[in-house]
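Hi,

Here is the structure I promised to pass on. Have a look at it first, and my notes follow below.

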Number of protein chains: 2
Amino acid sequence: MRAAGRVSISDVAADAGVSISTVSAALNDVGSARISPRTRDRIREVAGRLGYVPNGLAQGLRRQRSGMVGFIGDEVATTPYAVGMILGAQETLRAAGILMVLMNSQGDPALEAREIEALRQQRVEGILYASMYHRRLEPPAALRDMATVLLDAESRVPEVSWVVPDEVAGARAAVGELLAHGHRRIGFLNNDEDIPAARLRLRGFRAAMKQAGVAVDPALVGGAPPTTSGGYDAARRMLQRADRPTALFCFSDLMAMGVYQAARELGLDVPADVSIVGYDNMPHVADGLLPGLTTVELPHYEMGAWAAGQLLALISAEPGQARHVRLRGQLVRRGSVAVPRPIGG
Amino acid sequence: MRAAGRVSISDVAADAGVSISTVSAALNDVGSARISPRTRDRIREVAGRLGYVPNGLAQGLRRQRSGMVGFIGDEVATTPYAVGMILGAQETLRAAGILMVLMNSQGDPALEAREIEALRQQRVEGILYASMYHRRLEPPAALRDMATVLLDAESRVPEVSWVVPDEVAGARAAVGELLAHGHRRIGFLNNDEDIPAARLRLRGFRAAMKQAGVAVDPALVGGAPPTTSGGYDAARRMLQRADRPTALFCFSDLMAMGVYQAARELGLDVPADVSIVGYDNMPHVADGLLPGLTTVELPHYEMGAWAAGQLLALISAEPGQARHVRLRGQLVRRGSVAVPRPIGG
DNA sequence: ACGTTTTGCTAAAACGTTTCGGCACCCTTC
DNA sequence: GAAGGGTGCCGAAACGTTTTAGCAAAACGT
């Protein structure tokens, strides 16, 4: 079991009959070093035959670069969203030959501090600090002197880079889809918490309506908990009105799922009687509903990839330009939007 | 930006007026070394004041232990299931002071080989090799000489440790719940793929029925794709029979979601007319449905934790006992099971 | 044939730890 | 007052690399 990587550079050197410096230069293709092609090939052959794998710890120690970055999630790893961000980040880092060490703090500051200490000890070159939902947040003091990028969170301090979804554009796309189908009485079931996503999607909703010249009926804008039953309750209220909306834009796919239930109970067909657009493109929910839910994707993968790219830039470039980005998510069209039919028709 | 961890053990030694050996011994509480309490305290104080963080790479090099393990997922990171396993593993490793490096191979063997190489280079002490769904699978040859534990997969070769869910027990628990409520005509909507989970859950279904002395009607056992629409289609067929079942056990929560839809369309109430039990306890699906779905949890977190523990054992113990475990998942009771009422009543 | 350049390689230092053996010194003990 | 044992610390080697400076031999120019 403990045989892995037992052969060191000096074994290769001995077998090839050269010095370890030569082996190092040959294997690393050092431009400044002059090595005859024959020697180089011999070294390569020996290294391959012996199964030589350079010791990353020794390399890291000597080069003063560990080749690793840390990924810290608050409670992030408990949510399906985490995977997209992790995947995107990991993909980008892999291309750069960097490994990713995963941590999650469960929202416990003391634990988080210990984790940062462990990462610092392993000399990670930077930190991806991820939130599970779009919010405002300041990275802990322990990260002050490390290259850090915030994922799905915005910071007040301008020196730290971050990436979040473009909520306004997402909401505009969603409402635009409904408007394009001819809907005019469009309701918005917002999240009733005071978070950036709620504020910004409302702004996008209003902007889209205004641009289309459609007045917003305040009675059709409601807040509820962003859960299935939150959506269910709100939808029951809204869909029983005489002047009910022909379409509903929901803050989340979960709320939309509740809307489906409510609609069915009220004898309303989706999408014939009421069109629905969700938000999140939650795996197995948005595509699991019948009919499939048209929704706005949260660009988790892209945010992860962008954050990793920015982190790599911070690590290599000394000036360390902080950047702040809002990434658009695609509208994913499925079967929950149709042309409205006259109410009571 | 690049200030992190600049201070080394020799800085501490110089400031404290002792040798680096003494600093090392003092900070590591080496039993064999004799250091006066006063000196030790002084060293501690200096280390704290200077913000000394030992260099993990140098430690790893010298101790011949990197303090890291790798986690390789096939396509695992794309699924919500991954997070539970990752979390469980990470938690256990954290307690042992071990970091976890995350990789995912997307099912591409060439990529996987490169990733293993990278992990080997960083001298990880072992590998957690995770599958996204319970299946048979052999770890790649490149892992032959490394401490490896399979997660959510069984291997044919007895030397490799693995952990999978106890599917038979899970199915028995699910069907037992229905039987306990008085159901006798119980249908099973199985996955029509030929995978261990399908075979074993069918076995569990039969075993539970047999134990209760209830004959299995073959017409009530069906296979379908484990998706929402798969469940929907199968349920429509089965629930329109004159001798329809009063309860349905579904291979997955997604299928159960389709069953909800079908039942509602057929004017059947859940759970009054038809009781439903799912499998997976899929986040935001099982608890998002109305009524909440009673289902069997897949013990992802526990499997991750067990695998990490076993890996730690393999790493430390030279004999390296391979172990194979089937972990039970809890039955999670929500609102989708009730006492049956007479059909047509 | 003799300096000069180029080629092909090596020695040694350095990265930051841990650990082993040993060296002073002090305190007992007789 | 010398032998003996404990106490408190230190020096140096080793872990496996990379990199810089430099050296011998070969090739080149005249």
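For the residue classes below, Ala, Val, Leu, Ile, Met, Phe, Trp, Tyr, Cys and Pro count as nonpolar, Asp, Glu, Lys and Arg as charged, and the others, Gly among them, as polar. Please note that this is a predicted model, in which local features need pLDDT of at least 70 and side-chain atom pairs count only at pLDDT 80 or more, while totals for chains, interfaces and linings use all residues. Residues are numbered from 1 along each chain as its sequence is written, and chains are lettered from A and ligands numbered from 1 in the order in which they are written.

A residue is near a strand if its C-beta atom, placed from the backbone, lies within 6 Å of it. DNA strand C is surrounded by 27 residues, the closest being Ser19(A), Ile9(B), Ser21(B), Ser24(B) and Asn55(B). Two or more residues each come from α2 and α4 of chain A and from α1 (9–16), α2 and α4 of chain B; helices here are DSSP runs (H or I, at least four residues), as are strands (E, at least two), numbered from the N terminus. By class, that surface has 11 nonpolar, 12 polar and 4 charged residues.

Around DNA strand D there are 26 residues, with Ile9(A), Ser21(A), Ser24(A), Asn55(A) and Ser21(B) the closest. They divide into 10 nonpolar, 12 polar and 4 charged.

Now the protein chains. Chains A and B each put 50 residues into their contact (C-beta atoms, placed from the backbone, within 7 Å). On the chain B side, α5(B) gives the most, with 6 residues, and the classes come to 28 nonpolar, 17 polar and 5 charged. Strand β2 (residues 99–104) of chain A pairs with β2(B) in the antiparallel sense over 2 bridges (DSSP has to find at least two for a pair). In that pairing, Met100(A) is opposite Leu102(B).

What about the cores? A nonpolar core is a set of buried Ala, Val, Leu, Ile, Met, Phe, Trp, Tyr and Cys residues joined through C-beta atoms within 7 Å, buried meaning 20 or more other C-beta atoms within 10 Å of the residue's own, placed from the backbone. The largest has 97 residues, and Val101(A), Leu128(A), Leu151(A), Val101(B), Leu128(B) and Leu151(B) touch the most other members. Apart from it lies another core of 90 residues, including Met209(A) and Ala235(B).

Cheers

Note on methods: Contact = placed C-beta atoms within 7 Å. Buried ≥ 20, exposed ≤ 12 C-beta atoms within 10 Å, placed from the backbone.
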